[in-house]
Amino acid sequence: MTYTVAVRELCEFTAKQGDLDLRFTPAPTALEGMAGHAVAAARRGDGYRTEVALAGSYKSLRVRGRADGFDPAHARLDEVKTFKGRLDRQPASHRALHWAQARIYGWLLCAQEGLEHIDLALVYFDIASQKETVFTERRSATELQRHFEEQCERFLAWAEAQVAHRMARDAALTALAFPFGGFRTGQRPLAEAVYKAAGAGRCLMAQAPTGIGKTMGTLFPLLKAAPTQRLDKVFFLAAKTSGRQTALDTLTRLADSAPALPLRVLELVARDKACEHPDKACHGESCPLAQGFYDRLPAARAAALRPGAAGERITLHQSEVRSAALAHQVCPYYLSQELARWADVVVGDYNYYFDMGGLLHGLAQANGWRTALLVDEAHNLVDRGRKMYTAELRPDGLAQARKSTSASRYPAVKKALDKVRRAWVALDKRQATAYAVHEAFPEDLLTALQQCGNTLTDHLAEHPAEPDAALQAFYFDALHLVRMAGLLDAHSLVDITQPTAPGLPQAARAPGSSTLCIRNLVPAPFLGPRWEAAHTSTLFSATLRPERYYTDLLGLPTDHLAIDVESPFQAAQLTVQVARHISTRYPDRKASLAPIVALMAQQFAERPGNYLAFFSSYEYLQQAATMLAERHPHLPHWSQSRRMLESEQKQFLARFTESSEGIGFAVLGGAFAEGIDLPGRRLIGAFLATLGLPQVNPVNEQVKERMQALFGEGYDYTYLYPGLQKVVQAAGRVIRTPSDEGVVHLMDDRFGRPEVRALLPAWWADSYR
């Protein structure tokens, strides 16, 4: 079996050396890089060839890639690198890596074209000045072949181990049996749909009820499909820690059921959870785990993966990665990112694939991987996608940057920041209302931000040893905003919000105190290419209806498949009662408290046990909890608080036991409204004192207008569908297993409306009272 590797991947494996150094170095965006390459190519003469596809073999290794350019008339190959800042500050290790890549391409081209020698050119293209700095060398084909074979030989043992691993993995997955005696109700059709979607190379949207084992029902069939579909990686993407942990637990069960399954499972965690030295900067002069990182990486990588150990289970959860990293004195966080290249299944947050600079998407594109996506609790991707592609500037960020050490010491920095401040103040003076929407981002301010970005780019590149957190924070926020301004379209709106306070007149508002935002409303144009880049993808959740809402906002392929899995639960298991005498509309909140508390106390008296009560806000929650305590002091209750720590959330959930009784008060859409599992007597009922509708405010009204213009359903897309999705998720905490029984009280007269009932689970129909 041949192992195929990209030229870049080969050189990064064999030629990288020295420290991990994450001190600021300005880098072009992908669009800037492509534009720079295009400009450089346009300057070459007739007959110049770009993006030259090359490939070659050495023993069982196949190397492929695309050379940036080749001039046949002069027998010169160009390796083009775009950059910002000062080239003379480029680390020697970077230059060595670039030469290694150029020489590999040089040999592949010599072999393909039958050349005896070739000129190699490293072309460094300055994005700002559009100038080129060129370094050249002439090499014979014999020299380049020797270099190529040396690099391949260094990689070959690793490649052979990967081939052995892949063959053992695929053989084991082919033989893998479902780890339980049989599928749960609904789990088999889900698994069949995932398997067929993988076989057809399609995207699947699967609405499947809570309690059927969606994680196993999606992971198992996708792993079974991996050998026949030649899948390189499976990316399991989740919105919350609980979803990632469920995936890891499921993969552990699969591995336990097949001890000879050589599946490499990697957990990716956030940097702040993996950093061993949060007080140190990420470079060799500050952090001991960054010093010599690439020199020690090979041993750490080999220890973590144990290459060639076919039949031996390999788990790369956070604790295992940390152990391997510290044993070889390298950074655990960046070791995990390196290990993503060699894992079979990667479990991580949405942002690792869908964010503009998502690690997993970038690696997949660079290496030509054939990937499969599993998107857990996919209803969350609408809001998360919007946040990824929203850019915001707050006045305190600029204020802190202007007070920074750099601004006080360097006149150019101060001048650039002051210009942004003046443009911001002028904009605020022209704004007559507290909230305003603009057709485009204000030109004067955009120009000031662009110029400021150029100045800060140069400054930060020239002073890498002078860390300035405030200045860098503003710089990155401004950079993101300018980038999104360049991509502005109907999917986003530009709004400016000035601070408001009761009785504060417009004249009293300080100019320059507004918040500037390019607010993404439809992430589809950004997410769409990510679905297309994967061989197959499955989005699954208990709440993915109506289908058109998610299709429109998430940019699913036009040929995507959809399945609505039948619930394993019976209507007799859940009593759904509508309190039509209660209104939780904002003007009626105060009047609603007494009947809400009375209903809760009555239900508890009839059937003591554990309940969750969901409210639209902390204030509303606290008012109801206070009244319950006053009128029914014997009834145990506990409440969610603002900004609960993870340990406090665990304490909140720990009160739900098989023998305990009481009511937990929580906010709808918060930490306890989805992703928690309280089966049996741990939870026997829920109270929903809200439809979950987003607040009516100027921003949401603008969203409604845009949704109406784009999709013709402004109110539903903005308020009704997002609200009812939260209600169904929260109510879904009650029935978790086929033996559970419980009650859900929907405490608002609007739950009786046909258009609202149509959005609730179909299996509730016979129990709806």
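Is Lys59 buried or exposed? Lys59 is exposed, because its relative accessible area is 61% and the cut-off for that class is over 50%. The model is a predicted one, and the values below are computed from it.

Lys59 sits in the loop that links β2 (49-58) with β3 (61-71). Its backbone is worth a look as well: phi is positive, about 55 degrees, although Lys59 is not a glycine.

Gln329 is another residue to check for its backbone. Although Gln329 is not a glycine, its phi is positive, at about 55 degrees. Gln329 is placed in the loop between two helices, α10 (318-327) and α11 (332-339). Its relative accessibility is 40%, and since partly exposed covers the values between the buried limit of 20% and the exposed limit of 50%, Gln329 counts as partly exposed.

A further backbone feature is found at Pro546. The peptide bond joining Arg545 and Pro546 is cis, with omega of about 5 degrees. Pro546 belongs to the loop that runs between strand β17 (536-541) and helix α21 (547-554).

Next comes a sheet. Four strands form an open sheet in the order β13-β16-β15-β14, and their pairing is antiparallel. Strands β13 (391-393) and β14 (435-438) are at the edges; each has a single partner strand, so one side of each lacks a neighbour in the sheet. From one strand to the next, the twist averages 20 degrees.

Within this order, β15 and β16 are neighbours. How many bridges join β15 to β16? There are 6 bridges between β15 (residues 492-497) and β16 (residues 515-520), and the two strands run antiparallel.

The last stop is a helix, α18, which spans residues 443-462 and contains Thr457. Thr457 is buried, because its relative accessible area is 6% and buried means under 20%. Which residue does the side chain of Thr457 contact? The side chains of Thr457 and Tyr475 are joined by a polar contact of 2.6 Å. Thr457 thus pairs a relative accessible area of 6% with a polar side-chain contact to Tyr475.

Terms used. Residues are numbered from 1 along each chain as its sequence is written. This is a predicted model: local features need pLDDT of at least 70, side-chain atom pairs count only at pLDDT 80 or more; totals for chains, interfaces and linings use all residues. Side-chain values use heavy atoms; hydrogens and water are left out. Two strands pair if DSSP finds at least two bridges between them. Axes are lines fitted to C-alpha atoms, for helices over the stretch in contact, and angles run from 0 to 180 degrees between N-to-C directions. Buried means under 20% relative accessible area, exposed over 50%, partly exposed in between (1.4 Å probe, protein chains only). A polar contact is a pair of N or O atoms within 3.5 Å; within protein, one must be able to donate a hydrogen and the other to accept it, and residues adjacent in sequence count only if both atoms are side-chain atoms.
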